[in-house]
Amino acid sequence: MRSVPLLDLKAQHAAIREEIAAALAAVVDSQSFILGQVVARFEEEAARYLGGGHAVGCASGTDALILSLAALGIGPGDEVLTTPFSFFATASCAYKVGARPRFVDIDETWNMDPGRLEAAATPRTRAILPVHLFGQCADMDPILEVARRLRVSVVEDAAQAFGATYLRGDARIPAGRMGTLGCYSFFPTKNLGAYGDGGMIVSDDPALAEKLRHLRVHGESARYHHSSVGWNSRLDALQAAVLRVKLPRLASWCEARRANAARYDRLFEEAGLVRSGRVHLPLRSPRSEHIFNQYTLRVENRAGLLEHLSREGIGHAVYYPVPLHLQECFRDLGYREGDFPAAERASREVVSLPVYAELPVDDQQHVVETIERFYR
Ligand SMILES: *Cc1c(COP(=O)(O)O)cnc(C)c1O
């Protein structure tokens with residue numbers, strides 16, 4: 001049987017292995033593993049890639065979100081408006097600083113629906129936390145407009161969207177660079193993935209960046225003097241060394257993912273699966289350049305298709321099978337099934353397919369043929 005993995009990190013590594021080995025060896029020889037020069041260099045290069053601002057590396061994308069809320073002074077009694085259709089950390093970060101998430105339903109691009117924000121706001125709302133899901137930007141201009149009216153901060157969860165852009169007139173603005181703070185993850189499966197955990201926050205506000213630099217080292221102001229209680233959340237030099245090798249290649253990898261996504265669209269259409277309504281292609285927002293961290297369909301009879309794909313050795317995943325408002329640990333928020341119909345429907349109908357940059361064309365054809373066979 002011919003199998004196709006959902007993601008083949010070995011294929012990417014094979015193309016850069018000498019450079020990676022040299023970069024890792026240099027860190028090992030320096031014996032400087034935590035923060036230090038290599039991390040500082042990566043922060044500079046990443047900020048430049050993202051069009052400026054102050055970049056602060058940290059231990060994970062999850063920590064980037066937690067540190068951001070903490071740096072804004074968000075805590076007990078406060079609420080954060082966010083989407084119920086995302087990875088867990090999008091909502092758990094509010095809990096971790098003692099605040100509460102408050103959800104708003106998604107639109108047809110699966111991102112936060114800006115039209116629902118104002119009605120969901122309360123006097124306790126302190127921030128809006130949009131997610132750029134699967135590598136496509138949420139519609140940020142109306143979100144920023146609501147934030148201005150409410151006088152609250154915007155924390156972008158750009159964990160899946162390092163390298164995606166939002167279109168404003170002729171300008172292309174990087175995901176994570178529109179709100180007060182932008183949060184990134186370097187988890188190995190993200191488009192810019194490290195060889196372990198890593199994360200980063202970027203802001204135009206030097207005071208916030210300074211605060212984040214304190215918070216990631218236990219709130220230390222001077223050696224062993226603590227002005228606040230922070231975290232141990234540092235980016236390590238080995239990860240930064242890997243990321244420095246990968247960053248210059250990110251644009252071409254994202255381009256390859258976009259090309260794969262366009263090819264899938266065409267193949268599914270040619271197979272008649274779109275016309276028959278079995279498969280709904282991922283909707284592109286006209287205002288975002290999608291980088292396809294995931295290529296995600298809505299499909300008919302998902303349970304049957306998932307079984308078929310498993311049997312046929314086609315890598316796939318469901319991001320995400322349970323919307324956040326229905327997670328057991330958030331029961332105390334008082335949400336019920338039916339509260340966010342669009343997110344609930346997406347959770348029941350989505351499936352993500354292999355779309356990684358090195359995916360061979362004939363593997364892609366095989367994926368589509370396998371799906372076509374199921375619906376025939
Ligand atoms: C991956 C991810 C995170 C968390 O990043 P980690 O580095 O795994 O902690 C947060 N939000 C979203 C949307 C993600 O996809």
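In which sense do E1 and strand E9 pair, and over how many bridges? In this predicted model, E1 and strand E9, the latter formed by residues 199-203, run antiparallel to each other and are joined over five bridges. Within that pairing, valine 56 stands opposite isoleucine 201 in E9.

The two strands belong to an open sheet of seven strands, ordered E1-E9-E8-E5-E4-E2-E3 and with mixed pairing. Strand E1 (54-58) and strand E3 (100-103) are the edge strands, each of which pairs on one side only, and the twist from one strand to the next averages 25°.

Helix H4 (residues 89-96) packs on the sheet, where it touches strand E2 (79-82), E3, strand E4 (125-129) and strand E5 (153-157), and its direction makes about 140° with that of E3. Helix H6, spanning residues 140-150, lies across E4 and E5 and runs at about 150° to E5.

The ligand is surrounded by 15 residues, of which Gly61, Thr62, Gln160, Ser185 and Lys190 are the closest.

| Residue | Ligand atom | Distance |
|---|---|---|
| Threonine 62 | oxygen | 2.5 Å |
| Aspartate 157 | nitrogen | 2.8 Å |
| Lysine 190 | oxygen | 2.6 Å |

Taken alone, the ligand exposes 380 Å², and the protein buries 93% of that area. Threonine 62 and lysine 190, whose side chains each approach an oxygen atom of the ligand, are also listed among the closest residues.

Conventions: Residues are numbered from 1 along each chain as its sequence is written. This is a predicted model: local features need pLDDT of at least 70, side-chain atom pairs count only at pLDDT 80 or more; totals for chains, interfaces and linings use all residues. Side-chain values use heavy atoms; hydrogens and water are left out. Two strands pair if DSSP finds at least two bridges between them. Helices (H or I, at least four residues) and strands (E, at least two) are DSSP runs, numbered from the N terminus. Axes are lines fitted to C-alpha atoms, for helices over the stretch in contact, and angles run from 0 to 180 degrees between N-to-C directions. Contact means heavy atoms within 4.5 Å. A residue is near a molecule or strand if one of its heavy atoms lies within 4 Å of it. A polar contact is a pair of N or O atoms within 3.5 Å; within protein, one must be able to donate a hydrogen and the other to accept it, and residues adjacent in sequence count only if both atoms are side-chain atoms. Accessible areas come from the Shrake-Rupley method with a 1.4 Å probe; for residues, only the protein chains shown count as cover.
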